[in-house]
Amino acid sequence: MTDRVVIYTDGACKGNPGPGGWGAWLRWGEHEKELFGGDPATTNNRMELTAVIEALASLKRHSPVAVYTDSEYVKNGITTWIHGWKTRGWRTANKQPVKNIDLWQRLDALVASHEVQWHWVRGHTGDPGNERADQLANRGVEAARLAR
């Protein structure tokens, strides 16, 4: 059994802003877990971030993790841009407040609790993990629509 948790995440939004959903598929050895949820009024970027946050928050102990996302916003944000944002007091290079700061700060804290490797995958190209996360995110959209 591998000791690395593998996580695939995705976000979806029908309208941007609009009803949105997030999904995450976690694997650890032969164990699997599906997570999803939604928001009746959100953006795609918020759902992409929420998927990773909820997946990492579901881990019960410090773990080595491989996160696969089709969101360049999430991957670039957490691996590259966040360092400058923090140095500048959560401001962009243009001195504007970072969008979705609440989610970025939560993700930053969760990443500090684990050993995370980040991987970008092209969405909707048949990657089984990405397709599963996409299906879960769409379930989240439907749940959000029903909650309205």
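1. Axes are lines fitted to C-alpha atoms, for helices over the stretch in contact, and angles run from 0 to 180 degrees between N-to-C directions. The model is predicted, with local features requiring pLDDT of at least 70 and side-chain atom pairs counted only at pLDDT 80 or more, while totals for chains, interfaces and linings use all residues. Residues are numbered from 1 along each chain as its sequence is written, and side-chain values use heavy atoms, with hydrogens and water left out.

2. Helices (H or I, at least four residues) and strands (E, at least two) are DSSP runs numbered from the N terminus. The axes of helix H2 (residues 72-87) and H3 come within 11 Å and cross at roughly 95°. H2 is therefore roughly perpendicular to H3 (angles under 35 degrees count as roughly parallel, over 145 as roughly antiparallel, 65 to 115 as roughly perpendicular and the rest as oblique). Tyr73, Val74, Gly77, Ile78, Ile82, Trp85 and Lys86 of H2 make the contact (heavy atoms within 4.5 Å) with Trp104, Leu107, Asp108 and Val111 of H3. By class, this contact of H2 with H3 has eight nonpolar, one polar and two charged residues; Ala, Val, Leu, Ile, Met, Phe, Trp, Tyr, Cys and Pro count as nonpolar, Asp, Glu, Lys and Arg as charged, and the others, Gly among them, as polar.

3. For helix H1 (residues 44-57) and helix H3 (residues 101-112), the axes come within 10 Å and cross at roughly 30°, so H1 and H3 are roughly parallel to each other. Residues of H1 in the contact include Leu49, Val52, Ile53 and Leu56, and those of H3 include Leu103, Trp104, Leu107 and Leu110. The contact of H1 with H3 has 10 nonpolar, one polar and four charged residues.

4. The peptide bond from Asn16 to Pro17 is cis, with omega near 15°. Pro17 is placed in the loop between strand E1 (5-13) and E2.

5. Lys95 lies in the loop between H2 and H3. Although Lys95 is not a glycine, its phi is positive, at about 65°.
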